[in-house]
Amino acid sequence: MSADGVFNEIIHSPLRLRICGLLRSVDELDFALVRDTLGVSDATLSKHLKALITAGLASSTKTASASRADSRRITWLRLTKSGRSAFDEHLRALQNIAGGYDIPPTRSPHGAVTSEH
Amino acid sequence: MENNMASDASGNPRLVSQVFDELQSDRERLAEHFRAPKWLAPGFGLIAAAYVSAPAFPGRQADDFVLIVALVACALLVSNYRRATGIKISRFGAREWAVFAASVLGSWGLLSVSLGLAAFGLQGWIVAPAFAAFALMTWLASLILSSMRERLRHVS
């Protein structure tokens, strides 16, 4: 882990950064929820997710949905361990770039106050 | 604009700051989806009430049966809740753990009251601690869910 962070070109793509930002705060998110929160189409989200999954930064699993009469499934998305680490490093690198700008400290996913936001 | 902003952000402190603002906005939108269904907290309250009222039923096996049913019901509630919100969060923060510990201790305390009432042959009065368990657990479950939503809103 670098104190200055490590800039990650795959994560830095605007939509992928936002996807990682959402996934970093939870264990897993429903594909549809990520799509609606970001306001993008299924195809756009799938394309960027594929890049993250191919790079080993995210993963997806499908589960049956009892609430649906058809055979559609819920797709759960999550960051892998290396994905979480890469995202944290990338944020740290961005924060160094931000330098004198006032970015308020926020909490880590488990409650500890950090300055990495 | 968003694309330009993020792609240029690697060298511009002001744009980096805007990227962080956007990430924060996404988190706030996500937190709005974390609103628990209305049935969730009362569901945990009912489970606690059933657990506390177990001494009203005769036989040791009734206690074990109620406990097993309560644990299965908890698992089902959490599973349905995850499907309803589309969000899985399994880890608690310090505040959630404290409230959870309080709910366990509260349930045990009310169970001991029920056991005492049953020992004196006052099974009918067990409805009182059972009702208290329902109210207590509903309130504490609401606190935990509220705390998790706030934590979600502010994480980095």
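In this predicted model, A:Thr44 counts as partly exposed because 13 C-beta neighbours lie inside 10 Å, a number that falls between the limit of 12 or fewer for exposed residues and that of 20 or more for buried ones. A:Thr44 belongs to helix H4 of chain A, which covers residues 42-54. Between A:Thr44 and A:Arg78 there is a separation of 34 residues in sequence, and their C-alpha atoms are 17 Å apart in space.

An open sheet is formed by four strands, contributed in the order S2(A)-S3(A)-S1(A)-S1(B), with antiparallel pairing. Strand S2 (58-64) of chain A and strand S1 (87-88) of chain B stand at the edges, and each has a single partner strand, so that one side of each is left without a neighbour in the sheet. Within the sheet, strand S1 (residues 28-30) of chain A runs antiparallel to strand S3 (residues 73-79) of chain A, to which it is joined by two bridges, and A:Asp30 is found opposite A:Trp76 in S3(A). Helix H3 of chain A, made up of residues 31-38, packs on this sheet, where it touches S1 and S3 of chain A as well as S1 of chain B, and its direction makes about 75° with that of S1(A).

For chain B, the domain assignment gives domain 1 (1-33) and domain 2 (37-154), whose C-alpha centres lie 40 Å apart. Contact between these domains of chain B involves five residues of domain 1 and six residues of domain 2. On the side of domain 1 of chain B that touches domain 2 of chain B, the residues divide into two nonpolar, one polar and two charged.

Terms used. Residues numbered from 1 in each chain as written. Chains lettered and ligands numbered in written order. Predicted model: local features only at pLDDT ≥ 70, side-chain atom pairs only at ≥ 80, totals over all residues. Domains from an automatic or database assignment. Contact = placed C-beta atoms within 7 Å. Nonpolar A, V, L, I, M, F, W, Y, C, P; charged D, E, K, R; others polar. Pairing = 2+ DSSP bridges. Axes fitted to C-alpha atoms, helices over the stretch in contact; angles between N-to-C directions.
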